[in-house]
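Have the sequence and the structure open beside you as you read.

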Amino acid sequence: MSEGPAREHRLVLFASDNYAGVYPAVLASIAAANGGFAPAYGDDDWTLALQERMREVFGDVDVFPVFNGTGGNVTALATVMQPFEAVICAETAHINVDECGAPERFTGGKLVDLPTPDGKLTPELVRGALVGSGDQHHVQTRVVSITQPTELGTVYTPGETSALAAVAHAAGLLLHVDGARLVNAAVGLGTGLREITADCGVDVLTFGGTKNGLLGGEAVVFFRHDLAERYLFVRKQGMQLASKMRFVSAQLLRLLEGELWRETAGHANAMAQRLAAAAASVPGVRVAYPVQANAVFVALPAPVTERLLEDYRFYTWDEQTGVVRWMCSWQTTPDDVDRLASALRDAVASA
Ligand SMILES: Cc1ncc(COP(=O)(O)O)c(C=O)c1O
């Protein structure tokens with residue numbers, strides 16, 4: 001590799017976990033699947049094996065590989081709701097702020113986004129938004145969607161997810177989980193994947209891979225067979241049906257095999273803890289949210305952010321409060337973290 005890209009890599013690495021490369025064992029799984037001809041559109045051995053493995057992990061589920069997280073969320077929601085229905089989500093939810101309105105466009109329904117202190121919906125918040133049921137003038141709430149871990153790096157405990165499922169089900173609604181980083185949440189909680197989904201009453205999940213070392217691939221997972229019945233058609237119409245699906249499935253399979261995800265997410269989360277501890281020790285720097293997965297949010301004085309942005313690329317999350325986001329990935333090294341911490345100390349000292 002030339003000097004240029006290598007240097008650039010150092011500058012952008014905390015911007016997001018999808019700035020990381022492909023995990024070597026995952027890359028090898030793509031090469032291993034490249035042995036010759038295989039049936040297209042999901043009739044291949046890798047997709048069948050993925051279905052089996054997912055059933056071992058999650059229970060009696062139906063699994064559908066897709067290209068990306070936005071497509072997974074949108075097609076999952078479009079399958080379970082009508083255009084006159086609504087999805088309750090946090091104001092900060094990816095479906096609400098980072099999917100360019102795709103959920104509204106493709107489902108035809110409405111997102112009812114609620115402000116939260118930490119990115120997490122609560123039963124009280126959901127109950128308060130359950131209005132207009134049966135009223136022909138009002139959208140009918142159909143889904144509660146949560147992100148696990150949240151866009152603010154916090155996680156729902158199994159108890160919190162179960163409580164949301166109970167409220168949803170009591171009102172005749174479904175619980176959807178945007179699990180772009182579900183494995184980071186499981187590592188943060190010290191649980192398996194089933195304990196934070198099936199065992200809590202989750203109905204449909206968008207299971208993420210790309211943020212944990214895949215070249216590209218996620219899966220929509222239905223925990224009720226009746227909900228999955230229409231998905232094949234929604235996925236195709238929603239342009240998420242991969243013809244060479246074996247390569248998407250092989251990657252997801254590899255992430256699940258031997259629980260490789262514990263390594264990728266475990267490392268990313270550990271790097272986030274290291275970074276949060278270093279940042280918290282710098283005077284004037286406040287860690288804004290509990291660091292429970294692989295994201296670190298800190299409130300910085302504006303001149304400090306400006307100084308750091310000369311060398312690093314990362315997102316300012318809230319202009320008002322000066323909160324910025326640093327993401328760690330399977331590829332972030334302790335040295336990377338220590339360099340950013342040292343740059344932070346220097347920036348604070350010179351600001
Ligand atoms: C919480 C969350 N959901 C879903 C996605 C999926 O995004 P994409 O469509 O880029 O794969 C992301 C990516 O940033 C995310 O952070």
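## The nonpolar core

The largest nonpolar core has 107 residues, and V144, V221, A272, L275 and V296 touch the most other members. A nonpolar core here is a set of buried Ala, Val, Leu, Ile, Met, Phe, Trp, Tyr and Cys residues joined through C-beta atoms within 7 Å. Helix 13 (residues 260–280) gives the largest share of this core, nine residues. Because domain 1 (3–21 + 261–350) and domain 2 (24–258) both give residues to the core, it lies between them. In soluble globular proteins, nonpolar side chains tend to be buried together.

Take V221 as a place to start looking. Leaving out residues up to four places away in sequence, V221 touches M54, F58, V61, V63, V204, L205 and F207. Two residues are in contact if their C-beta atoms, placed from the backbone, lie within 7 Å.

## About the model

This is a predicted model: local features need pLDDT of at least 70, side-chain atom pairs count only at pLDDT 80 or more, and totals for chains, interfaces and linings use all residues. Residues are numbered from 1 along each chain as its sequence is written.

## Overall build

The protein chain holds 15 helices and eleven strands. These are DSSP runs numbered from the N terminus, with helices being H or I of at least four residues and strands E of at least two. The C-alpha trace spans about 60 × 55 × 35 Å along its principal axes. A compact globule of 351 residues would have a radius of gyration near 20 Å, and the protein chain agrees with its 20 Å. That radius is taken over C-alpha atoms, and the globule rule is 2.2 Å times the number of residues to the power 0.38.

Of the 351 residues, 50% count as buried. A residue is buried if 20 or more other C-beta atoms lie within 10 Å of its own, exposed if 12 or fewer, and partly exposed in between, with C-beta atoms placed from the backbone. Among contacts between residues at least 6 apart in sequence, 76% join residues at least 24 apart.

## Where the domains meet

The chain is divided into domain 1 (3–21 + 261–350) and domain 2 (24–258), with bounds from an automatic or database domain assignment. Their centres, taken over C-alpha atoms, are separated by 27 Å.

## Around the ligand

N68, G69, T70, H94, T147, E151, D178, A180 and T210 surround the ligand; a residue counts as near if its C-beta atom, placed from the backbone, lies within 6 Å. This shell divides into one nonpolar, six polar and two charged residues. Ala, Val, Leu, Ile, Met, Phe, Trp, Tyr, Cys and Pro count as nonpolar, Asp, Glu, Lys and Arg as charged, and the others, Gly among them, as polar.

## Backbone details in loops

A cis peptide bond joins Q148 and P149, with omega about -5°. P149 is in the loop between strand 4 (140–147) and helix 8 (158–170).

Y41, a residue other than glycine, has a positive phi near 60°. Y41 lies in the loop between helix 2 (24–32) and helix 3 (45–58) and is partly exposed, with 13 other C-beta atoms within 10 Å. Phi of M239, also a residue other than glycine, is positive and near 65°. M239 sits in the loop between helix 11 (231–237) and helix 12 (245–256), and counts as exposed because it has 12 C-beta neighbours inside 10 Å.
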